[in-house]
Amino acid sequence: MIVEMKKGAAKGDVQRVVERARDMGLGTQLNYGTEKIVIAILGSNTGQLSTDIFAVLPGVESVVRVMKPYKLASRGFKSQDTLVTIDGVEVGGQRVVVMAGPCAVEHRNQLMETARGVKKAGASIVRGGAFKPRTSPFSFQGLRKAGLELLAEMRQEVGLPVITEVVDPSQVNMISKYADILQVGARNMQNFPLLTKLGKSKRPVVLKRGLSATVAEWLTAADYLLAEGNEQVILCERGIRSFEDSVRFSLDISSIAVVKKFSHLPVIVDPSHAAGHHDLVGPLAKAAVAAGADGLLIEVHVNPQEALVDGLQSLSIPKFEKLMNELRQIAKSVGKSI
Ligand code: PEP
Ligand code: MN
């Protein structure tokens, strides 16, 4: 249930709604909009309650029953777009934010040279996996702690913020010391203990869409982060499983528009894991920007032929530079910049 307060409603009126919810064993979350306050009523049995319980209270403008499974991620709860700021870089605004770097941190030179290359080409955040959740237990699992230390060194030397993946709730505090953004991988989109722990963290989170998740399931997973008080949530479309096998995953371009319609959260796109091949990354990245994505997460490697992970889908630095130039034109045509 969403309770919309009247413009300029008194503090006491807001308090009365919160208290009535509490008396009924329900939780609340408040959104202080520019015009009015919106209160989400949270609980498992709100579907059975009459909206009158809140509608009769002074200062209440309207009470709406939420038909979708997600509440806090919905536009009904917060109509204005959420902006997530990382070290002065704003995601969700006028600029398309490009995060780029290797799939996995492999060694010092590989990371430093790739980071310098992507920075020169215009990327504003460096990606690099230290803990790799691989489909096979026999594949390279990442440098782990040593990888995080290299990322922190890179941050110092190259001067760009870092995004890296977290796979286990017990790692959240430790990884937060090294990284600016914590990434939840597609395979962990519904790892609820992980989401709950990240919800308590002060770090922005990129929540990737699960391999077979609907947009509603993805937004409901985002509610786990928002419910714990972390409002710095960025969604990432990375392709879903379909019958099509000419690409690694089918990039769901429509999800960008669907998210924009139903949610206030920014959405970025990872064309690399969808494409599975470097030749296809450019067209998918361009389509994503044209469709209104707030950013891109792209795999780039200083020497893709020698990459330990995902070399086939990684762009070389010259290829990434060329793509960035093409993306600037597309961004401009939709009223944005890169
Ligand atoms: C990644 O970005 O490194 C990754 C493993 O992607 P995904 O979780 O989307 O498969
Ligand atoms: Mn990868």
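Where does arginine 144 lie? Arginine 144 is found in the loop between β8 (125-127) and α4. Helices here are DSSP runs of H or I with at least four residues, strands are runs of E with at least two, and both are numbered from the N terminus.

This is a predicted model, in which local features need pLDDT of at least 70 and side-chain atom pairs count only at pLDDT 80 or more, while totals for chains, interfaces and linings use all residues. Residues are numbered from 1 along each chain as its sequence is written, chains are lettered from A and ligands numbered from 1 in the order in which they are written, and side-chain values use heavy atoms, with hydrogens and water left out.

**Stop 1**

At 42% relative accessibility, arginine 144 counts as partly exposed. The classes are buried for under 20% relative accessible area, exposed for over 50%, and partly exposed in between, computed with a 1.4 Å probe on protein chains only.

Now select aspartate 87, in the loop between β5 (84-86) and β6 (89-91). Aspartate 87 is not a glycine either, yet has a positive phi of about 50°. With a relative accessible area of 56%, aspartate 87 is exposed.

**Stop 2: the manganese ion**

Select ligand 2, the manganese ion. Which residues coordinate the manganese ion (ligand 2)? They are Cys103 through SG, His273 through NE2, Glu299 through OE and Asp310 through OD, at 2.0 to 2.3 Å. Donors are N, O and S atoms within 2.8 Å of the metal (3.2 Å for Na, K and Ca); water is not among the atoms, so the site may look incomplete. Along the sequence, the donor residues of this ion follow the spacing C-x169-H-x25-E-x10-D.

Colour cysteine 103 and histidine 273, a pair that links distant parts of the chain, 170 residues apart. Cysteine 103 sits in the loop between β7 (97-101) and α3 (108-121), and histidine 273 in helix α9 (residues 271-275). Cysteine 103 and histidine 273 are both buried.

**Stop 3: α3 and its two partners**

Show α3 with helix α4 (residues 145-158). The two pack at an angle of about 40°, with their axes 10 Å apart. Axes are lines fitted to C-alpha atoms, for helices over the stretch in contact, and angles run from 0 to 180 degrees between N-to-C directions. That angle makes α3 oblique to α4. Angles under 35 degrees count as roughly parallel, over 145 as roughly antiparallel, 65 to 115 as roughly perpendicular and the rest as oblique.

The α3 and α4 crossing is right-handed, meaning that the near helix is turned clockwise from the far one by less than a right angle (left-handed if anticlockwise). To see the contact (heavy atoms within 4.5 Å), pick Arg108, Leu111, Met112, Ala115, Arg116 and Lys119 in α3, which meet Leu150, Leu151, Glu153, Met154, Glu157 and Val158 in α4. These residues divide into 7 nonpolar, no polar and 5 charged. Ala, Val, Leu, Ile, Met, Phe, Trp, Tyr, Cys and Pro count as nonpolar, Asp, Glu, Lys and Arg as charged, and the others, Gly among them, as polar.

From α3, Glu113, Thr114, Gly117, Val118, Lys120 and Ala121 meet Ile317, Phe320, Glu321, Met324 and Arg328 of α11. The contact of α3 with α11 has 5 nonpolar, 2 polar and 4 charged residues.

**Stop 4: α6 and α7**

Select helix α6 (residues 192-199) and helix α7 (residues 215-227), whose axes are 6 Å apart at an angle of about 40°. α6 and α7 are therefore oblique to each other. Phe192, Leu195, Thr196, Leu198 and Gly199 of α6 make the contact with Ala221, Tyr224 and Leu225 of α7. By class, this contact has 6 nonpolar, 2 polar and no charged residues.

**Stop 5**

Finish at isoleucine 39, in strand β3 (residues 37-42). Is isoleucine 39 buried or exposed? Isoleucine 39 counts as buried because its relative accessibility is 0%. Beyond its neighbours within four places in sequence, its contacts include Met1, Val14, Val17, Leu30 and Phe77.

Valine 18, in helix α1 (residues 11-23), is buried with a relative accessible area of 14%. Not counting residues up to four places away in sequence, valine 18 touches Thr28 and Leu30.
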